[in-house]
Amino acid sequence: PSVGEIAETTGIPESDLEEWVSTIKAEKQVIFYGPPGPGKTFLAKHLSRMICGQGGEWDLVQFHPAYSYEDFMQGLRPETTEEGALSYRMKPGRFLDFCETAEETDSPCVLIIDEINRANLSKVFGELMYLLEYREEEIPLAAGEREGEKKKFSIPENVHIIGTMNTADRSIALVDFALRRRFAFIPLFAGDDFLEEVIERYHDRVGTGFPTSALVEELQNVNETIGEKSHAIGPSYFLREDLGERIEEVWKYEVVPYLEEYFFSQPEEIDQFRWENVKDRILPNQDQDE
């Protein structure tokens, strides 16, 4: 896709997209951070396809609390021999596999690390913490020998990393400073203009006929009540072709549970946004239409 096509799909201005693409190409490793719902992963996928072009490769891995160095870099893995015995062999993890693929082409390659802040990054990255800062160097990995010598590893020049980080789970202020020095951080927040632009553009493009203005206004009220942009609700919950049929389910089972968690000690704040209290504001003409 082109920058124009991505702008049309996401509702993000072309000037912002061009600046972010330039940052990704220059810095090689960036993190999109923001609250749930602005479409961080969706955007990362589109930008990856554009950056890779026809010859490059892109892939996605999602981090979680149990994710390890062995999963990402390399480690011993059990396997069964032809005789049925159990043995262990050093095998590359997702990142080493991706780098081997990238070495087969001169085109840019992008690895998306979704929910990058949910893993113990110092533990998962290991030697990669050094190499992310000193891209031109190579160092021996902690494990894996070949002909009695430690294998040396360097990140291929054409490898780019795009991480996504949910600030509702962990504030950017709590991210290890060593990691912050190695990544460029790009904010993606659900401001009023962003909400309106993305939701209205999507439903106009798809032709759902859903009345978006009242929904956007209610979401703006919700985010104003939340009062923290790092926890604001984004538009991706409502980018559905069948929103007219499923708006009640989306609101009751996705939006309200999030608000109940956020306003755990202030239940009075939630009641005004329960479906029975917002449905006439979001769908003001429903009774007349029926």
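Lys-28 is placed in the loop that lies between helix 2 and strand 1 (29-34). Helices (H or I, at least four residues) and strands (E, at least two) are DSSP runs, numbered from the N terminus. The structure is a predicted model, in which local features need pLDDT of at least 70 and side-chain atom pairs count only at pLDDT 80 or more, while totals for chains, interfaces and linings use all residues. Residues are numbered from 1 along each chain as its sequence is written, and side-chain values use heavy atoms, with hydrogens and water left out.

Although Lys-28 is not a glycine, its phi is positive, at about 75°. Lys-28 counts as buried because its relative accessibility is 12% (buried means under 20% relative accessible area, exposed over 50%, partly exposed in between, with a 1.4 Å probe and protein chains only). Glu-115 is another residue other than glycine with a positive phi, here near 55°. The loop that holds Glu-115 runs between strand 5 (109-114) and helix 6 (121-125). Most residues other than glycine have a negative phi.

## The protein as a whole

The protein contains 14 helices and 9 strands. Its C-alpha trace spans about 80 × 40 × 40 Å along the principal axes. Of the 290 residues in the protein, 46% are buried.

Among contacts with a separation of 6 or more, 67% join residues 24 or more positions apart (contact means heavy atoms within 4.5 Å). The protein exposes about 15000 Å², and carbon and sulfur atoms supply 43% of that area (Shrake-Rupley method, 1.4 Å probe; for residues, only the protein chains shown count as cover).

The largest pocket holds about 250 Å³ of space. A pocket is an open set of points on a 1 Å grid over the protein atoms alone, where a 1.4 Å probe fits, with protein on both sides within 12 Å along at least five of seven lines; lining residues have an atom within 4 Å of a point. Its volume is the space filled by probe spheres set on the points, which are joined across faces, edges and corners. The lining of the largest pocket consists of 14 residues, and those nearest its centre are Leu-96, Glu-100, Leu-141, Lys-151 and Phe-153. At least two lining residues come from each of strand 4 (86-92), helix 5 (94-102), strand 6 (139-146) and strand 7 (149-153). By class, this lining comprises 6 nonpolar, 2 polar and 6 charged residues (Ala, Val, Leu, Ile, Met, Phe, Trp, Tyr, Cys and Pro count as nonpolar, Asp, Glu, Lys and Arg as charged, and the others, Gly among them, as polar).

Helix 5 also has buried residues, namely Phe-95, Leu-96, Phe-98, Cys-99 and Ala-102. These residues lie on the same side of helix 5 because they cover an arc of only 160° around the axis (the arc is that of the directions from the helix axis to the C-beta atoms).

The volume of the second largest pocket is about 210 Å³. It is lined by 15 residues, with Thr-9, Gly-39, Phe-42, Val-198 and Leu-239 nearest its centre. Helix 1 (3-10), helix 3 (40-52) and helix 9 (192-206) each contribute at least two residues to this lining. Helix 9 provides the largest share, 4 residues. In the lining of the second largest pocket, 9 residues are nonpolar, 5 are polar and 1 is charged.

Ser-213 lies in helix 10 and counts as exposed because its relative accessible area is 52%. The C-alpha atom of Ser-213 is 7.7 Å from that of Glu-200, a residue 13 places away along the chain. Glu-218 is also in helix 10, but it is buried, with a relative accessible area of 2%. Leaving aside residues up to four places away in sequence, Glu-218 touches Trp-251, Phe-273, Val-278, Arg-281 and Ile-282.

In helix 13 (residues 275-282), the buried residues are Trp-275, Val-278 and Ile-282. They share one side of helix 13 because their arc around the axis is only 80°. Helix 10 (212-226) and helix 11 (243-262) are among the elements that cover the buried residues of helix 13.

## Asp-16 in helix 2

Asp-16 belongs to helix 2 (residues 14-27). With a relative accessible area of 30%, Asp-16 is partly exposed. Asp-16 and Leu-195 are 179 residues apart along the chain, and 16 Å separates their C-alpha atoms.
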